[in-house]
Amino acid sequence: MDKLNEIIDKYRETEGALIPILQEAQEAFGYLPKDVLVGIGKGLKLPLSQIYGVVTFYSQFFLTPHGKYTIRACRGTACHVQGAKKIISTIENLINLKEGETSPDLKFTFETVACLGACALSPVMMVNKDYFGKMTPKKITTILSQY
Amino acid sequence: MKEYRTNIMLCTGTECVNKGALEIKKALEEEVKKRGLEDEVVVIPTSCDGFCNAGPIMIVQPDGIFYQQVKVEHIPHLVEEHFLKGRPVKSLIYVPQKEAQPIARMKDIAFFREQRLITLRNRGLIDPEKIDEYIGRDGYKALVKVLTSMTPQEVIEEIKASGLRGRGGAGFPTGKKWEFCRAAKGEPKYMICNADEGDPGAFMDRSIIETDPHSILEGMVIGAYAIGASLGYVFIRIEYPLAIKRMEHAIEQAKNYGLLGENILGSDFSFEVKIFRGAGAFVCGEETALMASIEGRNPEPGQRPPFPAQSGLWDKPTNINNVETLANVAAIINRGAKWFAEIGTETSKGTKVFSLVGKVNNTGLVEVPMGITLRQMIYEIGGGIQNNKRFKAVQIGGPSGGCIPENLLDMPIDYEELIKVGAIMGSGGMIVMDENTCMVDITKYFLTFLNGESCGRCTSCRDGIDAMLEVVTRICEGKAIEEDIEFLEELAPVVKDASLCGLGQSAPNPLLSTLHHFRDEYLTHIKEKRCPAGVCKELIRYSINSEKCKACLLCVKACPSSAIFGEKKQPQTINIDKCIKCGVCREICKFDAVIII
Ligand SMILES: Cc1cc2nc3c(=O)[nH]c(=O)nc-3n(C[C@H](O)[C@H](O)[C@H](O)COP(=O)(O)O)c2cc1C
Ligand code: FES
């Protein structure tokens, strides 16, 4: 919790500090467990309900731990017309997870995203911070077998 | 700076880096050194060239030779042939789809030839992390001019005279917006750069920031001077880590050079910029929601008026501009409003950056003069449709925009013309669709997107989108009747009129434009229970052509629902009851044996 207090202190003087604090806390702890949210509420003197409101509004925050590898498949417009649905069902099939799920051994988390911003290479997916473009079911098999 | 005989301008934009540009850089440097060319040849990492599907890209200057799809293993041969013996390597030179002749020089390639770069003026030419390179190309010259010789009102007049309109969606005249904010009472005033870019399928704002962050900062400082703002925010979505990093770096450098902060360039004008990392919701790009987000509130859009210019961030006068809008400002100050106003059409001046994606051969980022036709965009710059398929529609304006059919391809692109055909300029996503794209399915896609992104505050938007989605889904499933179309046509205007913010007001656009231009396709789904593009799952069936099937069993392994069966070494069969119609088998089959019926 020292780490959390450090983050809160850093932003104490700033207006509108909640989101940056949540972002840094998530980076530090991997996700946002309840005691972290309670700590932020105390630190900023905000009701827990308001913090939950913000956390659940944004797709970026998560309340449960994520896997070691987060796989993000794009379902944006460019990817959609290039067959994103097939890409998504192939990934789901290979790692046996549905969208939004994390494997019990905390190896993989699978998410779909509105756009990964690499639309020229659609369909696109990401594993942690690495992009993979022009995906086909075949390529996915090769890529995922490396993890 | 040291002069070299040859400069290798290696693109290190997101796409090229993903395809291995950094490994190529290392290999190039090693090979150049190995051959003892290090005093003659230098590798310069540049920002995105825009021709993303040809990446990794490098341009050899001064002769302008354009290499594409370069791999590490090409490097030894390339260095020996081109840089040692002076013979460009044919196999790495771009060959257009239809012509067999390779085109060696960048300026001759159609993808680049038709472009006119104002906001992307430094693309491929500078290292975006070095402020000196920006300054070397007239960077911050406009700021000096403004601070030493122009009053805020003169700056506003210049921008007004240029005809610059907002590139973030609605196309509001930028000079006028600044004037309102200048006239508003209240201290301090804020200047916000909107880099939320929530439109799925568009990435120009990300690319502009990654390419040339200082051009946006310079525009912001000039704008802040014009309206009298003392604090600025760049609102960048968190999904864009490289853009955030480059912007942070640029702000740091500008501060060190006295171009940001207290008493900029020794004048009595002070202005600071902070970055706010937006947390990924489409509605955050709407200006009132964006400000709520910076204030730490839930990003629900608020009522307008009052407009941000009167009462914005923390109830103070606030000006919000899109990234691309701001990137135009310094160029206008440097070259004059008259020069800018001569480019484009009657009502839409200057250029527009589009992310040209989908089923065209050349995908990437292009900047073109307003008034260029869709046909030029798709067939000249885009190089036509992939795999010689037939063009069907181009979607412009994202979830607030519309689909434009083939018979309108010769229309010029400007704000007003696009509205006339049921689309909007939007932020500049341009998604090309071919005969294999189903227009009803695309409509369902956009409504699903909007349904998830509506903040839920107004009933008309929340329930209206939901109801439209329900009907369109039934059409895709072959469970609709003709009267459903009438219902959609009655509901759509209600959602438009009764919703509070732009999201709801424009949400029916994708539906209305496809209903208007592709009504037959809707009717085929309803009356014949058929999806002509072969997309809508409920209306198609997969089958294996036993003559073509070679029993390789790839599809059996790939099928997520174990629906494919058969004897070893015999043609396989699909169990229709188990098949979830994901199409993976068809994709993976090497013999085109899987067909849609
Ligand atoms: C739902 C919705 C989403 C929007 N998203 C963006 C966006 O991602 N980027 C942007 O610049 N403007 C976006 N806008 C427009 C902004 O509200 C605002 O008009 C714009 O940033 C003003 O800048 P400009 O005058 O330079 O265009 C959006 C509007 C709506 C209604
Ligand atoms: S639409 Fe998939 S990366 Fe943009």
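## The layout of chain A

The model is a predicted one, and in it the C-alpha trace of chain A spans about 50 × 30 × 25 Å along its principal axes.

## Backbone details in the loops

Two peptide bonds deserve attention here. In chain A, a cis peptide bond links Ser122(A) to Pro123(A), with omega at about -5 degrees, and Pro123(A) belongs to the loop that runs between strand 2 (108–113) and strand 3 (125–127) of chain A. In chain B, Glu187(B) and Pro188(B) are likewise joined by a cis peptide bond, with omega at about -10 degrees, and Pro188(B) is found in the loop between helix 8 (174–183) and strand 5 (190–195) of chain B.

Another backbone detail concerns Asn96(A), whose phi is near 60 degrees, a positive value in a residue other than glycine. Asn96(A) sits in the loop between helix 6 (84–95) and strand 2 of chain A.

## The surroundings of ligand 1

Ligand 1 is surrounded by 18 residues, and the closest of them are Gly168(B), Lys177(B), Asn194(B), Asn322(B) and Thr325(B). By class, this shell divides into three nonpolar, nine polar and six charged residues. Strand 8 (318–322) and helix 20 (502–506) of chain B each supply at least two residues of the shell, and the largest share, three residues, comes from strand 8 of chain B.

An N or O atom in the side chain of Thr325(B) is 2.7 Å from an oxygen atom of ligand 1, while a backbone N or O atom of Gly198(B) lies 3.2 Å from an oxygen atom of ligand 1. A polar backbone atom of Gly285(B), in turn, is 3.3 Å from a nitrogen atom of ligand 1. Of the 610 Å² of accessible area that ligand 1 has on its own, the protein covers 89%.

## Two packed helices in chain B

Two packed helices are described by the angle between their axes and by the distance between those axes. For helix 9 (residues 204–211) and helix 11 (residues 241–256) of chain B, the angle is about 35 degrees and the axes are 8 Å apart, and the crossing is left-handed.

Helix 9 of chain B contributes Arg206(B), Ile209(B) and Glu210(B) to the contact, and helix 11 of chain B contributes Leu242(B), Ala243(B), Arg246(B) and Met247(B). The residues of this contact divide into four nonpolar, no polar and three charged.

Note on methods:
Residues numbered from 1 in each chain as written. Chains lettered and ligands numbered in written order. Predicted model: local features only at pLDDT ≥ 70, side-chain atom pairs only at ≥ 80, totals over all residues. Heavy atoms only, no water. Near = heavy atom within 4 Å. Polar contact = N/O pair within 3.5 Å; in protein donor to acceptor, adjacent residues only side chain to side chain. Areas by Shrake-Rupley, 256 points an atom, 1.4 Å probe, with all protein chains shown as cover. Helix = DSSP H or I, 4+ residues; strand = E, 2+ residues; numbered from the N terminus. Nonpolar A, V, L, I, M, F, W, Y, C, P; charged D, E, K, R; others polar. Axes fitted to C-alpha atoms, helices over the stretch in contact; angles between N-to-C directions. Left-handed = near helix turned anticlockwise from the far one by under 90°. Contact = heavy atoms within 4.5 Å.
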